[in-house]
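Keep the viewer open as you read.

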Amino acid sequence: MNTRQSFDTRRLQGIPVSPGIIIGKARLVDRSRIQINYLYLNDPKEAKAEIKRFKDALKSTKKQILTIQNGMSEQIKEHSFILDTHLMIIDDKMISETTVKTIRNELINAEWALKKSVDEIRNTFEKIN
Amino acid sequence: MALTKKLKITNDLGLHGRAAAKIVSLANRYGSDLVFIKDGVEVDGSSILSILTLACPRGAEIEARTTGEDADVLMNDLIELFEKKFGEGK
């Protein structure tokens with residue numbers, strides 16, 4: 001696909017997690033409900049706007065997590081560190097910097113570049129025995 | 001200024017997400033850079049995902065390197081964090 005499409009924001013519905021920690025073997029559940037568009041940018045000049053779109057999405061996600069964190073009841077406030085970890089992952093260079101570089105170097109859209117970053121991280125973790 | 005120190009993971013759960021998050025919080029408090037080295041692999045101490053890829057269980061040893069103007073203060077706080085088992089008590 002080599003066409004420019006309009007981008008929009010999509011709201012995804014998930015399953016709320018319960019408070020507390022579970023230690024065990026993680027199982028990857030990929031129900032393929034999230035479908036992304038794989039798009040090439042038509043012009044290298046579009047990379048700048050695409051990177052801005054990606055960074056804006058990160059900011060927006062952080063804002064949403066902070067809103068959830070601030071609204072947590074006292075009963076579950078002690079578990080808010082889980083969301084701190086999520087905030088750190090959003091800021092992590094392995095996600096943010098890698099995705100920005102991929103958009104710039106491969107001239108692809110943010111979703112595709114982010115998927116590549118996440119796949120790379122997943123591969124790294126899968127190599128751990 | 002650059003400092004290097006071998007640190008042992010002594011908490012029961014090892015270097016898991018919460019412990020790694022505390023390290024990143026600490027690293028972000030200072031201007032100096034923090035790097036961990038284990039089995040020849042070097043990772044950025046300000047990246048939680050990078051730290052987790054080291055997969056350090058209890059008893060593992062990793063090398064920490066701090067570089068910068070406040071490298072000594074960062075290293076001292078890091079040593080304390082490891083010695084206090086990341087605040088986990090056991």
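Predicted model: local features only at pLDDT ≥ 70, side-chain atom pairs only at ≥ 80, totals over all residues.

As general background, nonpolar side chains in soluble globular proteins tend to be buried together.

## Where the chains meet

The contact between the chains draws 12 residues from chain A and 11 residues from chain B. On the side of chain B that touches chain A, the elements giving two or more residues are α1 and α2 of chain B. The largest share of that side, 4 residues, belongs to α1(B).

## The sheet of chain B

In what order do the 4 strands of the chain B sheet lie? They form an open sheet in the order β1-β4-β2-β3, with antiparallel pairing. Its edge strands, each pairing on one side only, are β1 (2-8) and β3 (41-44) of chain B. On average, neighbouring strands are turned by 25 degrees against each other, direction ignored.

Inside the sheet, β2 (residues 33-38) and β4 (residues 61-67) of chain B are antiparallel partners joined over 5 bridges. Here B:Phe36 stands opposite B:Ala64 in β4(B). Helix α3 (residues 71-83) of chain B packs on the sheet and touches β1, β2 and β4 of chain B. The direction of this helix makes about 5 degrees with that of β1(B).

## Chain A: helices throughout

Chain A has 4 helices and 0 strands, so its elements read α-α-α-α from the N terminus on. Of its 129 residues, 12% count as buried. Taking the contacts in chain A between residues at least 6 apart in sequence, 65% join residues at least 24 apart.

## A closer look at helix α4 of chain A

Helix α4 (residues 110-126) of chain A has 17 residues and, at 1.5 Å a residue, should span 24 Å; its end C-alpha atoms are 24 Å apart, which agrees. The buried residues of α4(A) are A:Ala110, A:Glu111, A:Ala113, A:Leu114 and A:Ser117. Why do they count as being on the same side of α4(A)? Because they cover an arc of only 170 degrees around the axis. What covers these buried residues includes α1 (46-70) and α3 (96-106) of chain A.

The face of α4(A) turned away from the buried side carries the exposed residues A:Asp119, A:Arg122, A:Asn123 and A:Glu126. A:Arg122, in helix α4 of chain A, counts as exposed because it has 11 other C-beta atoms within 10 Å, and the cut-off for exposed is 12 or fewer. Between A:Arg122 and A:Ser73 there are 33 Å in space, C-alpha to C-alpha, and the two are 49 residues apart in sequence.

How values were computed:
Residues numbered from 1 in each chain as written. Chains lettered and ligands numbered in written order. Expected span 1.5 Å × (residues − 1). Buried ≥ 20, exposed ≤ 12 C-beta atoms within 10 Å, placed from the backbone. Arc of directions from axis to C-beta. Contact = placed C-beta atoms within 7 Å. Pairing = 2+ DSSP bridges. Axes fitted to C-alpha atoms, helices over the stretch in contact; angles between N-to-C directions.
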